[in-house]
Amino acid sequence: MIPISYYLFLSLTLFAIGMAGVIIRRNIVIMLMCIELMLNSVNLLLVAFSKMHYAKNPGTEAGIDGQMLVLFIMVVAAAEVAVGLSIMIMFYRKTYKTDVQFLNRLKH
Amino acid sequence: MENYIWLIPLLPFIGFVINGLGRHVLPKSLISILGPGVVFVSFVLSVMVFFAVPSGPDAAPQIFHFFDLFNFETIQIPFAFQIDALTSLFMLIITGVGFLIHVYAVGYMNEDEGFGKFFSFFNLFIFSMLILVMGSNFLMMYIGWEGVGLCSYLLIGFWYHNWDFTIAARKAFIMNRIGDIGFLIAMFWIYKEFGTLEYREVFSMLTTANVAEGALIGITLLLFLAATGKSAQIPLFTWLPDAMAGPTPVSALIHAATMVTAGIFMLTRCNELFDMVPFTKGIVAWIGIITALITATIAMRQDDIKKVLAYSTVSQLGLMFAAIGMGAYVAAVFHVLTHAFFKALLFMGSGSVIHAMGGEQNMNKMGGLRKLMPKTNITMLIACLAIAGIPPLSGFFSKDEMLLNMFIGSKAVWIIGFIVSVLTAFYMFRWYFMTFHGELRNKEVHPHESPSSMTMPMMILAVLSLFGGFIGIPAVFAANGHKLNNFLSGVTGVHEGEHAVSASVEIMLMVALLVFVVGAIILTYKMYNGKTDGEASGIIKLFKNKWYVDEIYQSAVITPTENLGTFLRKYVEKAGIAQIVFGVGSLSVFLSKQTKSIQTGHIGTYVLLMVLGIVAGIGFFFFGIL
Amino acid sequence: MSTAEILFFILAALTVLSGLLTVASKNPIHSILYLIITFFSISGHYVLLNAQFLAIINIIVYAGAIMVLFLFVVMIMNLNKEDRSFGKTFVITAASLISAVFLLLTVRIFMQSDVESNQLLTAEGDIGLTEKLGTVLYSDYVIPFELASILFMSSMIGAVMLSRKTKKEKKAEA
C-alpha cells in the first residue's frame, strides 16, 4: 500500500547524503562510514524492489533474488570494512594523522 | 629520328649531373673533356636532325611524345618534342655555338677554382635552352624559359664573393621573373580560350574558335612582355648590361647567342597567333626600334669593353623585334643566326683581351693590341665588319633584309632602323679602334696572345661570320637564293617570297646604308685612332649615363617597394601577426596552467570530480543535456 | 493514512535525520552512534516490508559487528575531537550542490518511467522469511555462498597481514 516512489525517494536521499559526506569530510574513518551509509541505502532500495515484484506476482517466489543480493552485499561490505580499516590503521601508524589531506602523493 | 632525339637534351643534362656532383673530385682534364664533349655529341645529333627534318612550305612538324606531365580528366599536358625547321635551326645554333663557347671556356676558366661548377651550370643551361626550343607546348617552353633564367642567375653571380656581382645576378633574375608573370598569365589565358597548350592545336584553332579580339590582344601582349624580360627590351632591359659581371663565356653564350634570342624564338613560334593581332605587332615593332635607338646611343659612349657589347646586343635585338613587328619572321631568325656568330665572337675577343690585360676592362687603358694579339685582332676586325653590315659578310645580308621589311612595313620604323644601323657601325668601330689601334696606354701590363683553346673557336666563328650569310641571298641577287626562307617556310608561312618593292629600290636601299656605314667607319677612324674620348657634355652626357634609366627605376619602383616592405615588417608583422602567433602559444600555456590546478593530489578533490562526472554523465545520458 | 504509511514516515524521518547528523557532526564517536541509529531505522524499514531475516542480519552484522569495529578503530586512534575534519567551504557548497542535482536527476528519471504507479505489499508474503531465504540460498545460490566464504577468508588473512607490525616498527618500539 506504500507506493514504490516513497522508498525510491528515501533511498536516493540517503545515497545523496552519503555521497556528499564522502566529498565533504576529510577524516578517513568518517569517509568510510559514509560509504557504508550509501551501501545501506542501496540495500533498502533492493528490498523494496523485491517486494514490488512479489506484489505484482503474489504467491510465487518472485522477488526473492533481491533479498539474496542484499545478503551478499552485506557480506562484501563486511569484508571490505575489515580490509579498509586495517589499511587505515597502517596509514595512521605511518603518519599519526587521519587527515586525508596528507595522502597527496598522487600529486607527483 | 625518334631513336636519338631524346639524347640531344639528355646528354647535357647528364653532363650537368656528373660535373656538378664531381666538381671537386674529378680532375680538371676530365671535366674539360666532358663538359664540351656532351655538347659536341648533341651538336652532331642536331646536324643529323637538321638533315632529317622536313622543310619547305608544306612541311609538317614531327611530334615525339615521351610521357605526360599532367594526365587528369580535365587537363592533359604531355612532355613532348615538336621538331620542325625552326626548332632544328635553333638546335644547331645552341649546340654548335654552345660547343665552341664551351671549348673557349676551357681556356678562359682554367685557373678558376669553380671550374667543375661552371661547366655543370653551363651544361644545365644548354639543357634548358634545348627544352625551350624543342617543346611541343607552351608549358614545355615555360620549363625551359625558367631553366635558362635560373642558369643565367647562377652564372652571372658565379663569382659570388663579390657582392656587386650577386646584386647584378639578382637583378637579372627578378626582371626575368617579371616577364615570366606575363608568360604564366598568357598560358592560363590560352588554356582558358583554347582548352589546350599544344602549339599545333592552338594554331589550328585560331580561325575556327571564336576567340575575342581583346583576348588575343591580351595574350599576345603578355607573351611579348615575357619576351621583353628575356630578350632585354624596354622596359626590362637594364639587367643585361649589369649581367656583364659574369665571366665572359657566360656573356658570350647566354647574353649574345642563345638566351636573349628566346624571345625571338617564342614570337616566331607563335607567328600565326601574332599575325592575327596587328595591334600587338605594332607595339612589338615600336618598342623594338625605340629600344634599339636608345641603347645604340648609350653604346656610343661606354668605356667598359663588355658593356659596349651588351648594349649592342640589346640594340640588335631591338632591330630583330622591329622586324618581327613588320611580319618578317625569317629575317629576324636570319639575324639571330648571324648575330650569334659575330656577337659570340666579339665577346670571346673581349674576353681574350681582358685575359691578356690581366682583368682590365676599361678601354681607356687599352690600345695598340693590334701587333701584340694578332689572331684576336683579325677576328675582331672580321666581327666588326660583319656587325656593321659590310658585304659580303653575313651581317650585311641579314640586316639589309630586316631593313627592307621595315621599309615595306612602316617608313618611320625604317628611318630609325637606318639610323641605328649607322650608329652600330660607329660604336663598334670606336670599340675596335680604341682597343686595338694606337699605342698601348697602360704601360704596366704585357699582353700576349691567348691560348689556342680560346683562339680556335674564335677563328671558326670568324669563318662563319664571313660566309654564313650566303644561306640567305635575297632574290635580287640570285633567284631562289634565299635558302633559309625556303627552309623555314613551313613554320613561318611564305611571307617574304613576294617583294612589294622593285629590285631597283632594294638595291638603292642597300647602297644608301653602305655609304653611310662606310662614312661612319671613316669618322671613327679619325676620332679614335689612338685617341680617347674627351669630356662628355650635354646630350652626350645623357648617352654616357645610360639615359638615367637605372636611376629612374630605382626611385620609382625599387625604393617605394622597399619602403613598403619595411613598413609591413615593422607594423604589420611585428605588431600584428607576431602577436597573434605568440598569443596562441601563450594562450595555450595559460590554459594548461589553469587546467593543471585540478591535479591537487588531494583525494577529496578527485572524489568530487568523479562524482561531478557521474552526475554529468547521468544528466547527459538520460536528459540529453549538453 | 494507514498505519503502514504513518510508520513509514516516522521511520523515514528518523533515517534521514540520523544520516544527516552522521555526516555533519564533528565528533567521530557521535558520527558512529548516529550511524548505528540509521542502521536501526533501516532495519525497522525491513520489518515493515516483512523482510525479517534481513532485518535481523542488518542489526547483527552492520550495527553489531561493523560499527563496533569502527568504534574500536576510532578509539585506538584517539579521535575524540577533530577541528579540521571538514573540507573547505567551497568544497562543501560544491558537494551539496552536486548531491542535490544528483538527487533531482535520479528522481526525475524514475518519475518518467512507469514504475511509479506500482504498489507494494507490506507485512504480507513470506519471501522475507528465514525459511524461504534459506531454501533458496542453499539451492540456487550455493556457489556464491561458498565463494563468499572464500572471500571472508581472504579478507581475514589480508586484514591480519596488513596490520602486522613490521620489523622496523618492532625495533623502533624496542
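**View 1. Strand E1 of chain B lies largely in the open.** This is a predicted model. Strand E1 covers residues 62-71 of chain B. The number of its 10 residues that are buried is 0, so the strand lies largely in the open. Its partner is strand E2, residues 76-83 of chain B. The two run antiparallel and are joined by 8 bridges. A hairpin of 4 residues links E1(B) to E2(B). For a landmark across the pair, find B:Phe64, which stands opposite B:Phe81 in E2(B). In a regular strand, side chains alternate between the two faces of the sheet.

**View 2. Chain B is built from 25 helices and 2 strands.** Chain B has 626 residues, and 51% of them count as buried. Consider its contacts with a separation of 6 or more: residues 24 or more positions apart account for 81% of them.

**View 3. The largest nonpolar core holds 198 residues.** Four of its residues touch the most other members: B:Ile156, B:Ala323, B:Ala332 and B:Ala344. Helix H15 of chain B gives the most to this core, with 18 residues. Now centre on B:Ala332. Leaving aside residues up to four places away in sequence, B:Ala332 touches B:Ile264, B:Thr268, B:Met320, B:Ala323, B:Ile324 and B:Met402. Of these, B:Ala323 is also among the residues that touch the most other core members.

**View 4. B:Ala356 sits in helix H15 of chain B.** The helix spans residues 329-356. Is B:Ala356 buried or exposed? B:Ala356 has 20 C-beta neighbours inside 10 Å, so this residue counts as buried. Its contacts, not counting residues up to four places away in sequence, are B:Met373, B:Pro447, B:His448 and B:Ser450. Look at B:Ser450 in particular. B:Ala356 and B:Ser450 are 94 residues apart along the chain, yet their C-alpha atoms are separated by 6.9 Å.

**View 5. Chain A consists of 3 helices and 0 strands.** From the N terminus on, its elements run α-α-α. Of its 108 residues, 53% count as buried. Among its contacts between residues at least 6 apart in sequence, 47% join residues at least 24 apart.

**View 6. Helix H3 of chain A runs from residue 64 to residue 95.** How many residues does this helix have, and what span should they give? At 1.5 Å a residue, its 32 residues should span 46 Å. The end C-alpha atoms are 47 Å apart, which agrees. Buried residues in H3(A) include A:Ile64, A:Val70, A:Met74, A:Val81, A:Leu85 and A:Met88. A:Gly66, A:Gln67 and A:Gly84 are also among the buried residues of this helix. An α-helix has 3.6 residues a turn, so residues three or four places apart point the same way. The buried residues of H3(A) pack against helix H2 (28-56) of chain A. They also pack against H3, H5 and H6 of chain C. After H3(A) comes A:Tyr96, whose phi is positive, near 55°.

**View 7. Chains A and C meet, with 74 residues of chain C in contact with 63 residues of chain A.** Which elements of chain C give two or more residues to the side that touches chain A? They are helices H1 (3-24), H2 (28-48), H3 (52-76), H4, H5 (130-139) and H6 (142-162). The residues on this side of chain C divide into 49 nonpolar, 20 polar and 5 charged.

**View 8. Helix H4 of chain C covers residues 89-112.** At 1.5 Å a residue, its 24 residues should span 34 Å. The end C-alpha atoms are 35 Å apart, which agrees. C:Ala94, C:Ala95, C:Ile98, C:Ser99 and C:Phe102 are buried in this helix. What do these buried residues pack against? They meet helix H1 (4-24) of chain A together with helix H25 (603-623) of chain B.

**View 9. C:Ala95 lies in helix H4 of chain C.** C:Ala95 counts as buried because 25 C-beta neighbours lie inside 10 Å. Which residues does C:Ala95 touch, not counting residues up to four places away in sequence? In chain A they are A:Ala20, A:Ile23 and A:Ile24. In chain B, C:Ala95 touches B:Leu608.

Notes. Residues are numbered from 1 along each chain as its sequence is written. Chains are lettered from A and ligands numbered from 1 in the order in which they are written. This is a predicted model: local features need pLDDT of at least 70, side-chain atom pairs count only at pLDDT 80 or more; totals for chains, interfaces and linings use all residues. The expected span of a helix is 1.5 Å times one less than its number of residues. A residue is buried if 20 or more other C-beta atoms lie within 10 Å of its own, exposed if 12 or fewer, and partly exposed in between; C-beta atoms are placed from the backbone. Two residues are in contact if their C-beta atoms, placed from the backbone, lie within 7 Å. Ala, Val, Leu, Ile, Met, Phe, Trp, Tyr, Cys and Pro count as nonpolar, Asp, Glu, Lys and Arg as charged, and the others, Gly among them, as polar. Two strands pair if DSSP finds at least two bridges between them. A nonpolar core is a set of buried Ala, Val, Leu, Ile, Met, Phe, Trp, Tyr and Cys residues joined through C-beta atoms within 7 Å.
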